[in-house]
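Hi everyone, thanks for coming.

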Amino acid sequence: MVDRDAERAALDGLLKGVRGGQSAVLVLRGEAGIGKTALLEVVAERADGCRVARVAGVQAEMELAFAGLHQLCAPMLDGIGLLPEPQQQALEVAFGMREGGAPNRFLVSLAVLGLLAMAAEARPLVCVFDDAQWLDRASAQVLAFVARRLLAEPVAMVFAVRAEPGAGDELEGLPELAIEGLADADARVLLESSVHGPVDARVRERVLAETRGNPLALLELPRGLTATELAGGFALPDARPLANRIEGTFLGRVRALPEDSQTLLLAAAAEPLGDATLLWKAAELLGIGTAAGGPAEDVGLIELGARPRFAHPLVRSAVYRAADPTARRAVHRALAEATDPGTDPDRRAWHRAHATAAPDEAVAAELARSADRAQRRSGLVAAATFLQRATELTPDPAVRVERALAAADAKLDVADAAAASELLAAAELGPVDALQRARVERLRAQIVFARRRGGNAGALLLEAARRLDGLDPVMARDTYLDAFAAAMFAGRLRADADPGERAVADASRGAAERAATSGDPADRLLVALVARFTDGYAASVAPLSEAIRASADAVDDRWRWLACRLAQDLWDDELWHRLAVGGVRVARETGALNRLPVMANYLAAYCVHSGAFTTADALVDEVDAITQATGLPPLKYASLMLMAARGDRARWQAADAWGRQNAVDRGEGSALALAGWLAAMMHNGEGRHAEALEAARDGCAHEDVMAYGWALAERIEAAVQTDHLDEAAEAHERLSARTQAAGTPWALGIEARCAALVGGDESKYMESIEHLSRSRAAVDLARARLLYGEWLRGQGRRADAREPLRTAHADLTRFGASAFAERARRELLATGETVRRPSGREPLTPQELQVAQLARDGHTNPEIGAQLFISPRTVEYHLSKVFRKLDVSTRRELRRAMTDEAA
């Protein structure tokens, strides 16, 4: 190998760490042919004393859920019986080893983590993933999740990914090493090693310039030039991208082979498993003998051993792309016939689909059945692809419409809005009845909403709901709720033609009246939302509270996230807590992958509200890990709330700028309201009340659900502190109309605190502290004490001020609300108080705190690992650090130490 000294040193360091018992993850990212595969070979060759597992992403296999994962785990499945039963079942269903409902993706991830950890017990495990950009999405998500959870296991994961837009998105955020072209001197050495005979200086310089140090290009491109071209200085005419040019040089060598050898290579390229038995069975069906492999092996294009292996992934793509469509279909037909329909029906259906040029109902129906099986395994990408191809192969126009709608729905589930739009257009070409027309419009509206929260999404959803009314009441109700959500998201960024919440309420009144006697939580929620935006906030408190409580008890309620949002708008932190805790628990138990990060986000925000900042931090990390591992959009509400409550200005400013631009781009006016409220909170914490007032005014610019009332409270404090007393009084009047209607301890405590600020009434300060003491609003309670102490000191009652200020300072310091705590410290110093320094004990990290809390509650290491998506060995690693930091040596002492600390 020429050069690559720095890269090899990094890989040697990675292997040294793994041999020392620590995990390691590295993503090698670079263009095609840059040498990533060669570096993976270095890893494999130097992994002395380690077990090496190899996985190669296959472009043609990207549609098959968990295919890449199966490559990795197949040699380790003898240990599957040692996994906890839920993990074992999930993995078996994912791999098609047993029938079952959709497996919990997190249980699959835990099962893979467990298998890797067990495999590494005897000796360190090194996993290398070539062409990871071609892993199927389900496998890539699980592997990325596992990579982020490794810590104390002697496991290394090294991925090679092309540096192309969108390539390996699931691996974003993992440690990376950019693989770049060779330096000029090294490139010249490599080029000279690959050319035998005279080379014109101009040809040499052109090759060096165009290859830009790409090793594979330096080795392969000269082979495509004749001796005359090399010696005579003719220009290289090929203007295609580099990867295609490299493929072209491989293709030239392929076309020089006998016809049977070329067909055998095409069959190997179309068979993504690398199954030698299947390949030779298909070759026999094609009339090809074993001798056909010799010429291809002789020129170094493929190794036909127990597992056929191309010399480079670009050989596979070059062979497959360049093949005549008729030849490709013939090869897929042979592979389909060679595939056992009993053990691998989905891959057989996939080959049959690629072998079919004209519509064929038998093939289409088989694909539809495969899609159903894929959905049960949570292979949504595969299901969507199967359904799309089934639509294309369906001869009956009426059946094709129904399959096109199902395929569009599935494509929307996997965020492929472009394909969903094409499928809707195909559906509209067929005989569409009234219900199908309404479904088309609903899906089109959902596509618009998925692409851009604002725009005309609300109008389209509302029109679709109207069409569904009378055709499918359940779908109509759900679409009305979607329209409410769109209106709430759009907020101040709503277009003139887009309906606001009141317009949605008026339109859905009939559906709400029909649902008025229903006990279904979604029906009750619709009724309550109509009341909320028709009769006003106060009139809706009772029906909304009842509907939300019903949602809290409904394990299957897809609108739980909306109920949690509305509970916050109602100042009901008991219900907020119940919904968030229950939502996270149910999402974990049922495998509701799309809901878990949303509910964890609301739970993290609740933890900020209740002063549990460290737990909130851990949940924010978990939300980030889940969204990154699954490809879901980022969820930053709790993260920004935590920054604002802490007074973390530097991080806030960067996050706020990004968040506001993102909100405008997506048309999410509600996010701007949250940004205004949170900015006001942060500025008030720092004593920057003029800035807080401007931010709070921005937060109150639209009556957004949830943020509006909170922004009013910040506005009142900022206005009083800057002598805008009339503005404070007017804002307090608006706030009181809501808090009196809500009537919760949190609402009444905030109202009394604001009344005390506006009127300078000591009894109101005390009333605020009394109400908030009965709520879960720990931060608001500490702020009430801080304001009371400030008021007392302003009245010249320094001795009286010390007690509320001491308590506020202690609580705010314990929470981690640094800016508010500093404000309390300054006030205490002004009373003549000496402020004690906080304890110098090293704090627990968020992950350590979670582990410690679960251990304190009696959970075993495997149980803790299952809850936190980490291995038992990593649990043990965290516990050892917890014991050191808390100066304990047993779990009994841990329980006592944590009980004492909580007290």
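**Helix pairs and a sheet**

Let's begin with two helices: H41 passes H43 in a left-handed crossing, where left-handed means that the near helix is turned anticlockwise from the far one by less than a right angle, and right-handed would be clockwise. Before I go on, this is a predicted model, where local features need pLDDT of at least 70, side-chain atom pairs count only at pLDDT 80 or more, and totals for chains, interfaces and linings use all residues. Residues are numbered from 1 along each chain as its sequence is written, and side-chain values use heavy atoms, with hydrogens and water left out.

A quick word on names: helices (H or I, at least four residues) and strands (E, at least two) are DSSP runs, numbered from the N terminus.

So, H41 covers residues 778-794 and H43 covers residues 818-830; their axes come within 10 Å and cross at roughly 25°. Axes here are lines fitted to C-alpha atoms, for helices over the stretch in contact, and angles run from 0 to 180 degrees between N-to-C directions. H41 and H43 are therefore roughly parallel; under 35 degrees counts as roughly parallel, over 145 as roughly antiparallel, 65 to 115 as roughly perpendicular and the rest as oblique.

Who touches whom? Contact means heavy atoms within 4.5 Å. On the H41 side we have Arg-783, Leu-786, Leu-787, Glu-790 and Arg-793, and they meet Phe-820, Arg-823, Ala-824, Glu-827 and Ala-830 of H43. By class, that contact has five nonpolar, no polar and five charged residues. Ala, Val, Leu, Ile, Met, Phe, Trp, Tyr, Cys and Pro count as nonpolar, Asp, Glu, Lys and Arg as charged, and the others, Gly among them, as polar.

Next pair. H37 (residues 707-721) and H38 (residues 725-742) pack at about 155°, axes 8 Å apart, and are therefore roughly antiparallel. H37 also passes H38 in a left-handed crossing. The residues in this contact split into 10 nonpolar, two polar and four charged.

Now the sheet. What order do its strands take? The open sheet has five, ordered E2-E3-E4-E1-E5, with parallel pairing; two strands pair if DSSP finds at least two bridges between them. E2 (51-56) and E5 (176-178) stand at the edges with a single partner strand each, so one side of each has no neighbour in the sheet. From one strand to the next, the twist averages 15°.

Seven bridges join E1 (residues 24-30) to E4 (residues 155-162); Ala-24, for one, has Ala-156 as its bridge partner in E4. Finally, helix H6 (residues 137-149) lies across E1, E3 and E4, at about 135° to E4.
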